[in-house]
Amino acid sequence: MLFIVLSLYFEWTGPSFTFLIAVSVLAVFGILTPKEIMSGFANEQLAVILLLLLIGDVIRQSSTIERFFDWFFRSSKTYHSFVFRMTLVVSVMSAFFNNTPLVAIMMPYVDSWSRRNRISPSKLLIPLSYAAILGGCATLIGTSTNLIVNGLLSEQDILPGLAPLEMFDFSIVGIPMILIGILYLVFFSDKLLPDKKDAMGDFQKSNRDYLLQAVVDEGSPLVGKRMNDDKLKNLRGLYMVEIVRGEKHISAISPETQVLTGDILTFAGDTSTVADLITQSNSGLRFPGAEGLVSRKVTQVVEIVISHNSTLIGKTVLEANFRVKYDAAVIAVHRNGERISGQITYEKLKAGDALLLYGGQNFIRLSKNSQDFFLITSVLENRKVAPYKSALVIIGLIASILLSVFRIVPLFTSLLFLLVFMNVLGICSPKDIYKSLDLNLAMIIALALALGVAMTKTGVAKIIAQSIITMFMPMGVLGLLVGIYLVTSLMANLITNKAAVALVFPIVLTISRDLHIPPEPLVLLVAFASAANFMTPIGYQTNLMVYGPGGYSFKDYTKIGFPLTFLYLIVTVVVLYFVYF
C-alpha cells in the first residue's frame, strides 16, 4: 500500500502500471488469486462506466449535446462564470441522476469550451467531477454509494428493526455542501488547479496558428455585426487577421468594423479552434473548396505536412486538386515565419507547409499510400446524425438512468440495449465502439478493485479502521464522529468507496449498540465520508474519468481536494451532531 501511494503521488510510474506491479507482487505471494485479479474486469460498475463513455463519445460526435450546451452556457464569457454555471447545473442534476453519465456527457463539451476560450481543460475537469460528487451526496439515489449503505442497513442484524433511510435524509448535509462546494470551486479552483496543455485529445496535437478563410453567406447571423458584438466575440480563440471586400483588403480592423454579405474573413487560430469553427452548422460561413463535403454524413478534420519530395510543391491549393484525389479540401494553412496574404486557394505550396484538411470518409483510404504529405494527426471527427436520431439517443440515455434509479432495469442492461439500438439506427458502428474504448481506464479500475480485495483478505483495512476509531473514542461524541469520518474517508480515497462502506459499516453499528447512541448519524457519516472523495483520483469513478483527459497528477487532487474534504468533514460532523445529539 505504501508503494502505491508513493508511486502515484510522486509519479514514479503511470497509475495503471503502478497497480499492475502491486497486484503482481500480491499474486506472487499468494495473497491474490488469478480469479480475484481478473474478477475486477467483470465488475458491472466498470462495464457501466465504459458503456457510458462510449455513448457519450457518440453523442459528442453528433454535435447535438454541444448545441444544447451552447444555448445553455451562451452568456458564460469568463472562467468563473462558466465554472459557476457548470457546477450548479451538474450538482443539481447529480442529486437525481447517476453522476457518472453526466460527467461522461459533459467532458467533451467542457473540453471544447475550454479550447474555444483558450483555457486549459485541467482548470475545469476536476471541478466538473467534484460538482457531480457534491450533488450525488445530497439524496438517496444521487450515488450508488448511498444506495449501498441503505441496502446494508436493510440487511443488517446488529440492530434489528432499524428503518432504512429516506430519499432526503442526506439533504441536511448534502444541500449546504453543494452551496459551499460551488463557492469554493468558483473562487479557488483557478488558483489551485494546474494550467496544463489539452490532454483530452491526441497528445501530438500542435498549437500551430493556421490561417483560415471563410465567406459570409447571405442570411448569416454575422451580417451587420461589428467586431465588438457578442456574435463575433463568441468566436473566441480565433483572431480576425483581414477582411477581403471585393478588391479591398482591410487589415486594420477596428471594433466598429461591420461584417457584410460576401466578405471573405481571414482568421488565425490553432488546430482545435479552427476545427470547431468549421463544424459549427449555425455560423453562416462558407469555406471555399469544402462545399458539398459539409453535408456528408461522416467528415473529419486532419492535419498534414507537405513532404520535401512532394509533387505538390509549387502548385497552388487549387491546382493540387485535393478534392478529386483525396476526398478533402484545404481549409487552413500554416507556414512558419511567413505571413500568407490573399486567398488561400491561390497560395503556392511549399515543403514543410502544414495544412488542415476537411475530409470525407474516403480520405484515409485514398491518402494511405501518398508520398506527397505526412498525416500528423486527426484533429476532429464529426458525424452528422439526423435530429430525431440524436433525440432518441438522449431520450434513451435518460430512460436508462430512470429505469436504474427506480430499480426496474439494471443500468448495465439498459445501456447495453441502447448501444445496440444506436448501431441498428446507424448512429455508430462496431468500429466506432472499438476506437472509443478507454482500455487504460478499464485497467486502473479493475486493478484498484483487486487491491481492495487484498486489503480485506489480509485484514489490513480492518486493523487500520479499528485503530483510528479506538484512538478517537476517548474524545467524546464529536471526536468519535471525526474519527469515523477520517477512517472512512481514508479507506475510500485509498481503495474504493464501496470497499470502505463494507469495512466501516458493521463497525459503526457495533459502536452505536455498545455506546447506546443513535445509529442514523453514524450511518450517514459513513455514507458522506465514503462518497465525498476529493483527494485522490482512485477514490471515485468520476475522478478517474477526468484523470487522464485533464493531464492531472496524483498530487493535483490532493492540493484542491484536501481543503474541500476538510470543509465537508466540518459541515457533516457539526450538522449531524446538532440534529441527532
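This is a predicted model: local features need pLDDT of at least 70, side-chain atom pairs count only at pLDDT 80 or more; totals for chains, interfaces and linings use all residues.

Student: Why is the pair of Tyr 130 and Phe 534 called edge-to-face?

Tutor: Two values matter here. The ring centres are 4.9 Å apart, and a pair needs centres within 6.5 Å. The planes of Tyr 130 and Phe 534 stand at 75 degrees, and the edge-to-face label starts over 60, so edge-to-face it is.

Student: What makes this pair a tie between parts apart in sequence?

Tutor: Look at where the partners sit. Tyr 130 belongs to helix α8 (residues 125-136), while Phe 534 is in the loop between α23 and α24 (541-547), so the pair ties together parts 404 residues apart in sequence.

Student: How do you know whether Tyr 130 and Phe 534 are buried or exposed?

Tutor: Buried means under 20% relative accessible area. Tyr 130 has 0%, and Phe 534 has 0% as well, so both count as buried.

Student: And why is the pair of Phe 363 and Phe 373 called stacked?

Tutor: Their planes are at 10 degrees, and stacked means under 30. The centres are 6.5 Å apart, with the limit set at within 6.5 Å, so the two rings pair and the pair is stacked. Phe 363 lies in helix α15 (residues 363-367) and Phe 373 in strand β9 (residues 373-383), 10 residues apart. Phe 363 and Phe 373 are both buried.

Student: How many aromatic pairs are there by this rule?

Tutor: The count is 14. One aromatic cluster is formed by Tyr 130, Phe 170, Phe 528, Phe 534 and Tyr 568.

Student: What makes Tyr 130 and Tyr 568 stand out in the largest nonpolar core?

Tutor: Together with Leu 128, they touch the most other members of that 78-residue core. Helix α23 (residues 519-531) gives the most to this core, nine residues. Beyond its neighbours within four places in sequence, Tyr 568 is in contact with residues including Leu 134, Val 173, Met 177, Tyr 485 and Phe 528. Another core lies apart from it, with 22 residues, including Leu 212 and Ile 331.

Student: What makes strand β8 (residues 354-360) mostly covered?

Tutor: Seven of its seven residues are buried. Ala 354, Leu 356, Tyr 358 and Gly 360 point one way, Leu 355, Leu 357 and Gly 359 the other, and all are buried.

Definitions and conventions: Residues are numbered from 1 along each chain as its sequence is written. Side-chain values use heavy atoms; hydrogens and water are left out. A nonpolar core is a set of buried Ala, Val, Leu, Ile, Met, Phe, Trp, Tyr and Cys residues joined through side-chain atoms within 4.5 Å. Buried means under 20% relative accessible area, exposed over 50%, partly exposed in between (1.4 Å probe, protein chains only). Helices (H or I, at least four residues) and strands (E, at least two) are DSSP runs, numbered from the N terminus. Contact means heavy atoms within 4.5 Å. Rings of Phe, Tyr and Trp (its six-membered ring) pair if their centres lie within 6.5 Å; planes under 30 degrees apart count as stacked, over 60 as edge-to-face and the rest as tilted.
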